[in-house]
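Hi,

Have a look at it first, and then read on.

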Amino acid sequence: MINFKSNVRGFVILDFGSQFTQLITRRFRELGFYSEILSYKTSFEEIQKRKPYGIVLSGGPNSVYESQAPQRNDLIELMSLAPLLGVCYGMQLLSYSLGGEVEKASHREYGLMSVQWNKDFSFAKLFQNSSFAQKCWMSHGDIVKKVPPHFEVIGLSESGHIAAMKGQRAWAVQFHPEVSHTEHGLDLLNAFATELCKAPKEWDTPHMLNHLKEHIKNTVGNDDHVLCGLSGGVDSTVVATLLTQVLGKDRVHCVFVDNGLLRKDEFTTVLGNYKILGLNVKGVDARKEFLTELKGITDPEKKRKTIGRVFIEIFDKATQDLPKVEFLAQGTLYPDVIESVSSIGGSVTIKSHHNVGGLPDKMKLKLLEPVRELFKDEVRWLGKELGISLDLLWRHPFPGPGLSIRIIGEVNEYNLTLLKEADAIYIDYLREKNLYNKIWQAFCVLLPIHTVGVQGDSRTYDKVLALRAVTSSDGMTADWYPFTFEDLREISNRITNRVKGINRVVYDVTSKPPATIEWE
């Protein structure tokens, strides 16, 4: 894990286990403030060393009054060190620890809800209407019944519950300002940083890039070589380019594996792009090995674990003719990590990723994941700074396990052929209609069911295909893209007319949460 250690002061985010903790860090960086996540267990002395402008207490899945809930007994001392911002669980912890009351709500507040601000609170002055109301993203089952001494209520939810409070050295909100769905969420974080903490803006993409380069130099020995696994996506492309610029082409050996799970014709196209970028890249045809090992597997976690194992086996073989290869570099991002493993504060595992939780316990190479704590848009900014073309940087995200997790059921040649053909038609349509760049991620999912159809005056009993298209800024939350009926009709017609074996197309209209973007 990279802690962007710097002489630049910033914000400390204490992680109590929220799935959105890294988003808080991401938002502060977006606003121009350096920020760093630490475990809620981090000692006061360690926090003090960083001389933070402010400290954020994150959300979390626990109830503060439970015996096993994460706690801190030094909130007064922390407030003397720097102003505090409590978010969701963080607000409840402030109340519970400082003499307020927290209890279980009669009903859970979840999703977008209206918050009414006290007009005398300075943040409320940002609104251009007399009601001082805004839509906020809620996700909690407990409420603050009574604020602590010396705190005042500054906002109420539409249910009449306390949604925000403030003291002389602390603000706290029951909603999530870091989530993009919260109106004026960035404004609130910026107001906390500038008004209460008086912090200067000293963080930008060049700073981030300099720290990553320094981390690579300090991690990789002067004589060590790095094997970089390329997937064809933005993340691994940026990592390979970054490593090559820092260590030199002769020490960074890129391997692009054709696992049979890529999009139609993608292996040839992407391999050509890598060579144009000047990467030292070798293409490996491993389609047979992956499909053989995936035969008969339907469980999505077993697919991921299997792909991770075979992936490492292939890369172990690829190092045999290379001198002193010590590191395997990957384009792992934070959304992969937060969905795969418990965070610093103990968040709940959602699913493993082949390049996070799917790697074997014993691996010959050390892992090097320089963008592990960044989001997709931050990686794109880095790529632009490195001189990578926008066409490559703004490709839709593609999962490490590839099309295997877009086939619900067994992965075989027949299902892959159907999915590749349908996916190509879908993506080509989006590009043709200038919709591709309006969508964060679009793909097809082949379902394990057959339905009756009529095609060419004959009865068919063929596969069902689901379409997925979402908008997002960072992949942590997402909403489905509102295609016109004409678009959906044309996409469906093209697929069912051109892909023999698919006779029905459906569209996924579920946001994240409650769903994830991928189906598996």
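One aromatic cluster brings together Phe-11, Phe-28, Phe-33, Tyr-53, Trp-171 and Phe-192. Please keep in mind that this is a predicted model. Tyr-53, a member of that cluster, also has a charged neighbour: Arg-9 lies over the face of its ring, 4.1 Å from the ring centre. Elsewhere, Arg-380 is placed over the face of Trp-440, and here the distance to the ring centre is 5.5 Å.

Now to the pairs themselves. A pair of aromatic rings is described by the distance of the centres and the angle of the planes. In total, the model has 16 aromatic pairs. One of them joins Phe-11 and Phe-28, with 4.6 Å from centre to centre and 15° between the planes, and this pair is stacked. It ties together distant parts of the chain: Phe-11 belongs to strand 1 (residues 11-15) and Phe-28 to helix 1 (residues 21-31), 17 residues apart.

A second pair worth a look is Phe-256 with Phe-267. Their ring centres are 5.0 Å apart and their planes meet at 25°, so this pair is stacked. Again distant parts of the chain are linked, with Phe-256 in strand 11 (residues 252-258) and Phe-267 in helix 8 (residues 266-277), 11 residues apart. Both Phe-256 and Phe-267 are buried.

Rolling a probe the size of a water molecule over the atoms shows where empty space is left. The search gave four cavities of 30 Å³ or more.

Which residues line the second largest cavity? They are Gly-232, Gly-233, Val-234, Thr-237, Val-270, Asn-273, Tyr-274, Leu-392, Leu-393 and Arg-395. Helix 7 (234-247), helix 8 and helix 13 (390-393) each contribute at least two residues to the lining. Helix 8 gives the most, with three residues.

Happy browsing, and do write back if you have questions.

Best wishes

Methods: Residues numbered from 1 in each chain as written. Predicted model: local features only at pLDDT ≥ 70, side-chain atom pairs only at ≥ 80, totals over all residues. Heavy atoms only, no water. Phe/Tyr/Trp six-rings, centres within 6.5 Å; stacked < 30°, edge-to-face > 60°. Helix = DSSP H or I, 4+ residues; strand = E, 2+ residues; numbered from the N terminus. Buried < 20%, exposed > 50% of the residue type's maximum accessible area, 1.4 Å probe, protein only. Lys NZ or Arg CZ within 6 Å of the ring centre and 35° of its normal. 1 Å grid on protein atoms, 1.4 Å probe; cavity = no way out; pocket = protein on both sides within 12 Å on 5 of 7 lines; lining within 4 Å. Points joined across faces, edges and corners; volume = space filled by probe spheres on them.
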